[in-house]
Amino acid sequence: MTPGHGLRHPSAPAPGTATLAKAASENFPVAPAFLPRAWRQGLMAVYGFARLVDDIGDGDLAPGGRDAVLLGLDPAAADDRLAMLDALEADLLRVFGGTDGPPRHPLLLALQPVVRDHRLGREHFLGLIEANRQDQKVARYATYGELLAYCELSANTVGRLVLELTGTSTPERIRRSDAVCTALQIAEHLQDVAEDLGRDRIYLPAEDMRRFRVAESDLAARSAGAGVRSLIAFEAERAQALLDEGAPLVGSVHGRLRLLLAGFVGGGRAALRAISAAGFDVLPGPPKPTRGQLLREVAAVLRTAPRKG
């Protein structure tokens, strides 16, 4: 009998349902309906894993400890984030042919055929786990370079998985994808400054905070002062430059994949516009674009993306 079998109340949602439902709140479309069914299933399986890792790392798992039980741990271990990440890594190895049976968690069981069919690289999934281990040990980033190294693990790996899943990975596309994914991660960090501070995390480089004379206490205010607004504007400009660097990725592919990648770039631009429209005051809560704003940005990306080949 697999861990957790028989523990779910008939009226309770299946494990992983709440995790997958978070796709609707992302800054970009995760698996839009216009994609081929196999791609949608693959993208949702990859997203489910990535979201589960983040939920473990952020302490946002559903209450009750069911995820811990599914991973072979005591329910009380759900609060031990490093132990949960270790157990998740062990389950990930089962996805890639471990010797102690199939994956235990439903989200990883769903991931296994996707990994097999598309020959996805194990190192990308391990990178996501390592990024969340880092979140348990590193709460501040001294330099922009350190933050970029974190984004390499936490965001760029996902873009590389999308390219592998769609069979379009090339060195140039990987470079462009990394720029887009890092920009998306930075935009999310800017939206979530207050929420991250509540978890005792700051993703604004300390060197930049000193430059704009921003103290940690300034980030705890109800609204941003001039220094915080200038700092957020500076980081948003960096993210915009990365999006611009990565945007040619959209023009390098065709068909429905072109639409998906335009959604990623347009989602990032819409998020940055929402931050700008809020006067770079992100402290009252994350500025979010409307659906209409998102669609306009996606359309603009498609109009301006050069076509190759």
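Contact here means heavy atoms within 4.5 Å. The model is predicted, so local features need pLDDT of at least 70 and side-chain atom pairs count only at pLDDT 80 or more, while totals for chains, interfaces and linings use all residues. Residues are numbered from 1 along each chain as its sequence is written, and side-chain values use heavy atoms, with hydrogens and water left out.

Helices are DSSP runs (H or I, at least four residues), numbered from the N terminus. Helix α4 covers residues 81–95, 15 residues in all. From first C-alpha to last, α4 reaches 21 Å, close to the 21 Å expected at 1.5 Å a residue; the expected span is 1.5 Å times one less than the number of residues. The buried residues of α4 are M84, L85, A87, L88, D91, L92, R94 and V95, where buried means under 20% relative accessible area, exposed over 50%, and partly exposed in between (1.4 Å probe, protein chains only). Seen down the axis of α4, these buried residues fall within an arc of 160°, so they line one face of the helix; the arc is that of the directions from the helix axis to the C-beta atoms. An α-helix has 3.6 residues a turn, so residues three or four places apart point the same way. The buried residues of α4 pack against α2 (37–58), α3 (66–70), α5 (106–118) and α6 (122–137). After α4 comes G97, with a positive phi near 95°.

One of these partners is α6. The axes of α4 and α6 come within 10 Å and cross at roughly 175°; axes are lines fitted to C-alpha atoms, for helices over the stretch in contact, and angles run from 0 to 180 degrees between N-to-C directions. The two helices are therefore roughly antiparallel (angles over 145 degrees). From α4, R81, L82, L85, D86, L88, E89, L92 and L93 meet R122, F125, L126, I129, N132, R133, Q136 and K137 of α6. The residues of this contact divide into 8 nonpolar, 2 polar and 6 charged, with Ala, Val, Leu, Ile, Met, Phe, Trp, Tyr, Cys and Pro counted as nonpolar, Asp, Glu, Lys and Arg as charged, and the others, Gly among them, as polar.

S154 is buried at 14% relative accessibility, and Q185 is buried at 12%. Leaving out residues up to four places away in sequence, S154 touches L128, A131 and Q185, whereas Q185 touches C151, S154 and A155.

Conventions. Angles under 35 degrees count as roughly parallel, over 145 as roughly antiparallel, 65 to 115 as roughly perpendicular and the rest as oblique.
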